[in-house]
Amino acid sequence: MTSDAPIQWPTVHVQFPEFLSPSEWELFCDRAMGECEALGIEEHPDDPCVGKFFFAAVPLAFEDHEPRQAQALRDLALAMFPAKRAEIHGHWLHDQDWSAGFRPYYHLIQATRRVYVGPPEEAATLPEDAPADAIAIGIEYSGGTFGTGTHESTQGCLRLVEKAVKDGRHSLLDIGTGTGVLCFAAVKLGMEYAVGMDCQKGCGDVFYGNALRNGCDEQTHYIQGSTIDAAVTGCMMAGRPLPDCIACNMLSNEFGPMLPTLARLRRPLLLAGFLASEEAVVRGAVESAGFVIAESLPIGEWLAWECHPTNEVAPE
């Protein structure tokens, strides 16, 4: 396929006639993005259990059959809610600028006491009533890359990053960094450097573009990968010590397998991306891995935890 070949986007319509709770629907959406690689979701304004899921574009030649992603979402719905019927149908959409539909709803917000996040043109000027020590982070929205600061799990993690700076942490490793918003917040709040890691294709370009916009390109570094070994190796290749604090704003099924290895790194862990309804299960996994929960922040239906390994090395 040449670079100018016509493409179409696999699109899957999902409807649960039997009502899901808001937390169940949001968890389904998050797992669709994490496990089925949906790039974005258009939710119905009047029905909380209806949405269109968009996936990475493919050559036009493949439009003669239902997108395979439709079956992936059927399987996910059945696994999560076996007693609730889901109506799922896949089709194709012609290429277009998907970010244009999001732009009218994307504005500067106050994510923490000190941190404001929004589009670069709005982040250039802080509100008049902003705290004297406030900082602004301009994030260019880029399709399915996560991290505009509008999601409650990101806001919870940003609050923990702000606290980590007050607690004397000097550097941050952000696993599943997305747009890099946590890294830029860490640097602008006072950390010496931050390292972001993600496995999503194209995320590096998004990260470095936002780093330049925020004047953080000299103090941040990006690693393409998904394992702790990749993070350690990437830091060594960049000439940076492994950061003394780790953030992980991901779904519980994604960060869960990493917990034992993360505990062995003996760094505090800023954990977000899980619902309050998952608290008991996540708490068991966190404590079994060797962490103690030092602080819990509820943000809407989501939780963010500051966790410390029982054998943590004190920060320098």
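Predicted model: local features only at pLDDT ≥ 70, side-chain atom pairs only at ≥ 80, totals over all residues.
Local features need pLDDT of at least 70, side-chain atom pairs count only at pLDDT 80 or more, and totals for chains, interfaces and linings use all residues. Residues are numbered from 1 along each chain as its sequence is written, and side-chain values use heavy atoms, with hydrogens and water left out.

**View 1. Three strands form an open sheet.** The strand order is E6-E7-E8, and the pairing is mixed. Strands are DSSP runs of E with at least two residues; helices are runs of H or I with at least four; both are numbered from the N terminus. Two strands pair if DSSP finds at least two bridges between them. Strand E6 (109-110) and strand E8 (135-138) are the edge strands, each pairing on one side only. Strand E7 (residues 115-118) runs parallel to E8, and four bridges join them. Which residue in E8 is the bridge partner of Tyr 116? The partner is Ala 136. Strands of a sheet pair through backbone hydrogen bonds, either parallel or antiparallel.

**View 2. Helix H6 (residues 181-189) packs on the sheet.** H6 touches E7 and E8. Contact means heavy atoms within 4.5 Å. The direction of H6 makes about 150° with that of E8. Axes are lines fitted to C-alpha atoms, for helices over the stretch in contact, and angles run from 0 to 180 degrees between N-to-C directions.

**View 3. Helix H5 (residues 152-166) crosses H6.** Their axes come within 10 Å and cross at roughly 30°. That makes H5 roughly parallel to H6 (angles under 35 degrees count as roughly parallel, over 145 as roughly antiparallel, 65 to 115 as roughly perpendicular and the rest as oblique). H5 contributes Thr 154, Cys 157, Leu 158, Val 161, Glu 162 and Val 165 to the contact. H6 contributes Val 181, Leu 182, Ala 185, Ala 186 and Leu 189.

**View 4. Glu 37 and Arg 266 each have a positive phi.** Most residues other than glycine have a negative phi. Phi of Glu 37 is near 65°. Glu 37 lies in the loop between helix H1 (22-35) and strand E2 (40-43). Is Glu 37 buried or exposed? Glu 37 is exposed, with a relative accessible area of 60% (buried means under 20%, exposed over 50%, partly exposed in between; 1.4 Å probe, protein chains only). Phi of Arg 266 is near 60°. Arg 266 sits in the loop between helix H10 (259-264) and strand E13 (269-275). Arg 266 is partly exposed, at 37% relative accessible area.
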